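Good morning, and thank you for coming.

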Amino acid sequence: MIAVANVTPTWYLLLAAALFALGCTGVLVRRNPLVMFMCIELMLNAVNLSFVAFSRTYGDIKGQTTVFFVLVVAAAEVVVGLGIVVAILRRRPSANADDIAELKG
Amino acid sequence: MIEIIVFIAASLMVLVGALGVILRTNPVHAALSLVLTLFGVAVHFVSMEAHFLAAVQVIVYAGAIVVLFLFVIMLLGVDKAEDLRTEPMLRQRYLGPLVGVGVLGLVGAAILVARSRTIVKSVEGLDTVGHDANVKQLARSLFSDYVFAFELTSVLLVIAVVGTVLLARRPNKGLQAAREKAGVSS
């Protein structure tokens with residue numbers, strides 16, 4: 001049983017684990033490329049949450065610096081990913097992630 | 001006591017939003033559920049005294065990325081609900097949650113086991129005096145130790161923008177015709 005006295009880092013880590021598992025499930029279950037991107041964002045947020053929790057636990061600002069870089073990379077990833085999605089869906093409006101297998105050897 | 005209430009409320013926001021992203025068949029609803037999750041994470045950041053990251057979370061994630069998602073959904077007109085029966089991989093639909101539960105069990109067990117062995121050095125390293133202490137400390141870290149990585153992120157963003165413009169551009173009709181006339185294969 002977790003101590004009910006105050007909010008410990010363990011609570012945040014467990015929440016981050018739950019969020020990551022939900023994002024992971026989403027990527028596996030959903031076939032709409034846009035929703036899959038959103039689930040990847042969920043996983044990135046879970047990791048950000050645990051980074052900040054560790055940053056607070058160890059009293060080290062570097063965890064928060066890392067989260068800043070993760071945010072930048074997430075933004076770049078979304079931009080490029082949505083560009084690819086737009087390029088594909090413009091040609092085939094009903095495509096889902098499994099139809100895009102033309103490069104498969 | 002107030003900390004616990006804030007934690008529970010924000011966690012509910014996060015988890016309900018995440019479930020909404022997964023379960024809503026309409027992509028617009030999924031994107032709006034994502035906003036709920038991102039706000040919940042921002043509340044957690046505030047309660048962990050990461051004020052700058054909370055602001056960036058709201059501005060960049062909820063403000064820019066989700067709007068980009070919604071923009072693409074509206075632009076492509078894929079805001080119809082998915083037909084769940086035409087799933088190409090029906091088996092994956094049932095195995096996926098199993099994998100999710102497995103990941104949660106594994107990571108959760110690791111956290112609970114490591115809880116007793118975590119060495120907490122000090123909680124004094126983070127400067128919390130003053131209303132802008134977090135921003136100052138983060139800026140000092142970002143512009144001294146990580147200044148090279150910070151400059152590289154600007155290169156990354158430029159590359160992302162240029163690449164996306166190239167990807168999403170429609171092929172120029174006049175240019176293509178001129179090329180075909182000249183006998184150059186595109």
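A:Arg91 lies in helix α3 of chain A, which spans residues 62–91; helices here are DSSP runs of H or I with at least four residues, and strands are runs of E with at least two, numbered from the N terminus. This is a predicted model, in which local features need pLDDT of at least 70 and side-chain atom pairs count only at pLDDT 80 or more, whereas totals for chains, interfaces and linings use all residues. Residues are numbered from 1 along each chain as its sequence is written, chains are lettered from A and ligands numbered from 1 in the order in which they are written, and side-chain values use heavy atoms, with hydrogens and water left out.

Is A:Arg91 buried or exposed? A:Arg91 counts as exposed because its relative accessibility is 74%; buried means under 20% relative accessible area, exposed over 50%, and partly exposed in between, with a 1.4 Å probe and protein chains only.

Helix α3 also holds A:Thr65. A:Thr65 counts as buried, because its relative accessibility is 1%. Leaving aside neighbours within four places in sequence, A:Thr65 is in contact (heavy atoms within 4.5 Å) with B:Leu138, B:Ser141, B:Leu142 and B:Tyr146. Between the C-alpha atoms of A:Thr65 and A:Ser55, ten residues apart along the chain, the separation is 9.4 Å.

Turning to chain A as a whole, there are three helices and zero strands, in the order α-α-α from the N terminus. Chain A has 105 residues, of which 59% count as buried.
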